[in-house]
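Thanks for coming, everyone. Please take a moment with the sequence and the model before I start.

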Amino acid sequence: MKSMTDIPRPATSPRSAAALSADPRNVQLTEDGKLRHFLTIGGLPKEVLEEILDTADSFVNMGEKSVKKVPLLRGKTVVNLFFENSTRTRSTFELAAQRLSADVLSLDINTSATTKGETLMDTLQNLEAMGSDMFIVRHADSGAQHFIASQVTPNVAIINAGDGRHAHPTQAMLDMYTIRKHKGDFSKLKVAIVGDILHSRVARSQVQALNTLGAEEVRLIGPKTLLPDTLAGLGAKLYTRMEDGLKDVDVVIMLRLQKERMDGALLPSEGEFYRLYGLTEEKLNYARPDAIVMHPGPINRGVEIESAVADGPQSLILNQVSYGIAIRMAVMSMSVSGQTQQKVQNQENAASQGNDGETSA
Amino acid sequence: MTTHTNLPDVNTLIEQLAQQLKQHIQNQNLNNIALVGIHSGGVWVAERLHSLLEQEEALGTLDISFYRDDYTRVGLNPSVKPSSLPFATEGRHIVLVDDVIMSGRTIRAAMNELFDYGRPDSVTLVTLLSLPGRELPIQPDITGQTLTLAPGERVKLTGPDNLSLELQTAQ
C-alpha cells in the first residue's frame, strides 16, 4: 500500500473487496466482490474501478468494426428511466446498450404515468413485469437509485445516471479513463476540479474516484459560496483562487455552472464568474504546459471556459464523449455479469442447503 | 489404469505447421493472407508462424470473451484483452490460429467476431493440437497433432517465451 502524503484524507482507508461486499450497506457487489449494481463510487475497491477501466479498453475501438456490436447483452432488455431531463447522457447510454446488442426502452417520465400520480415503486414493478434486465436511472432525489436497488427483483441491475447532488459515477469513470489514457499513473498526478462544486454530483464522484485510484493530489477550486468547507472531508484541498489552485496541475476539469439548481444569489453575475474562474489561455498557463483540459459537458463558452481553450490542443472534451460510450458498455456488461454470477451462487447455496437438510437425518 | 500421454515438442510442431500452411496456401491459391491468432495460446503460435512465413503485414489478435456462448451462465471473463485487427478483413483470406481445438466453441466465437469486422473471402483454420470432444461441426484445415488424453488429463500451452506443452491431471 502506498504511503499517503500529508494531504488531508478522509477517514475511509482502502478496504478489501471481501470486507466491502460483506458489508450489508454495500448493495453494489456480489459475495465475490464483483459489480452487480453501479450506484456510486463510494464503497467500491480500487480493483473494481480498475476492472471497469480495463474492460472499457476493449470497447473503445468499436468504431473500427463494420458491425459495431458485441453480442453480450443480446436478448436482454435495458430500460432508461430518466426522471430528470438529459439528452446527452440518455443517448450515450442508449448507444452503449445497443452496441451490446440489448433491446432498449427509453421512458420519458414527464409524459408517463408519474404525472398521473403513480409512485416510483409502482412504475418500477410495472416495468419489471415486462421482463426488464436493467434499469438506467437518473433522478432528482439523492439516494433514489439506492432505494430502487434495494427494492428491485433479484437479478435486475441498476445503473445510476445521476441522483440529485449525490453521485454521477459513470461520468466520473469516463473522466478517470480519459486521465489514465492520456496521462497514465494516477499516483503522479495533481488534478484540479473547478467551478460549481456545491451543486455538482459529478465533482463528488470524481473526488472519490481520484482518491480510490490513488491520485497524488485532488484540488477543488471555486468561489466560497460554491465551495463549502465540509468538502475538504472528501479528501481534497480547497482553493478560491485559480492562480493558486491551478499551479503545476496535470489535469484541469471544468464544471458547468448549475444555474438550474441555484436557489439563492450565490454569484454576482456570470461575467464576474468568468473573470475570476473561467478557464482562459492565460489562466491555463498556471498549470503544467502538458496539462490536459476536460469538461463533462455541455460547455458554456464564455462562462466557465474560453473557446480557444475548449477547442485548443490541450482539450480532451470531445474524446470524453467517445470514452463515455465505452465506459458505459463496460459498466453495463460487468453488472449483468455480476447479477448472473450472483444468481448462480444463490442457486448453488440453495442446492447445498437442501442437501444438508437431507443428509442430517 | 492411466497411461502417460507423450507430449510433442512445440517448436518442431510449429515448423511442421508452417510447412503445411505454405503448401496449403499454394494449393488453394490464397493470395495475400492475413494471420489472426486467438488469445492467448493462439496468439503465441501465430506469432511464430508469422515470422516463419515472413509475413509483412501485422498480426491480428482476437479476444473472444465477448462472443462466448456461456456468458449468460458464467458472466464476463475478468481478464479480457482488447482485440486488434490492424487490417480490413473484408475480402481477405484469413488464417485463424489457435493452440488447441476441442469442443469447437472457441472457434465458432472467433468466426462470429471476425465476421463482425467485415466479410472475409475465406477462413483457414490452423491449430497446434486437435483433441477429441467436438460439440460443433468444426474441424481444423491444418493441425500439428491429434492427441488423445487419458481421462482427467488436460493439456496447456505455456508461453510467451519458450513455448511448451504441459500436461495437467485433475486430482
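This is a predicted model: local features need pLDDT of at least 70, side-chain atom pairs count only at pLDDT 80 or more; totals for chains, interfaces and linings use all residues.

Residues are numbered from 1 along each chain as its sequence is written, while chains are lettered from A and ligands numbered from 1 in the order in which they are written.

Chain B has 4 helices and 7 strands; these are DSSP runs, numbered from the N terminus, with helices (H or I) of at least four residues and strands (E) of at least two. Their order along the sequence is α-β-α-β-α-β-α-β-β-β-β.

Now the helix pair. Helix H1 (residues 10-28) of chain B and helix H2 (residues 41-52) of chain B have axes that come within 10 Å and cross at roughly 55°. Axes are lines fitted to C-alpha atoms over the stretch in contact, with angles from 0 to 180 degrees between N-to-C directions. Which residues of H1(B) and H2(B) make the contact? From H1(B), they are Ile14(B), Glu15(B), Leu17(B), Ala18(B) and Leu21(B). H2(B) brings Val45(B), Arg48(B), Leu49(B) and Leu52(B). Contact means C-beta atoms, placed from the backbone, within 7 Å.

Last, the two chains. Their contact takes 19 residues from chain A and 15 residues from chain B. On the chain A side, H12(A) gives the most, with 7 residues.

Conventions: Two residues are in contact if their C-beta atoms, placed from the backbone, lie within 7 Å.
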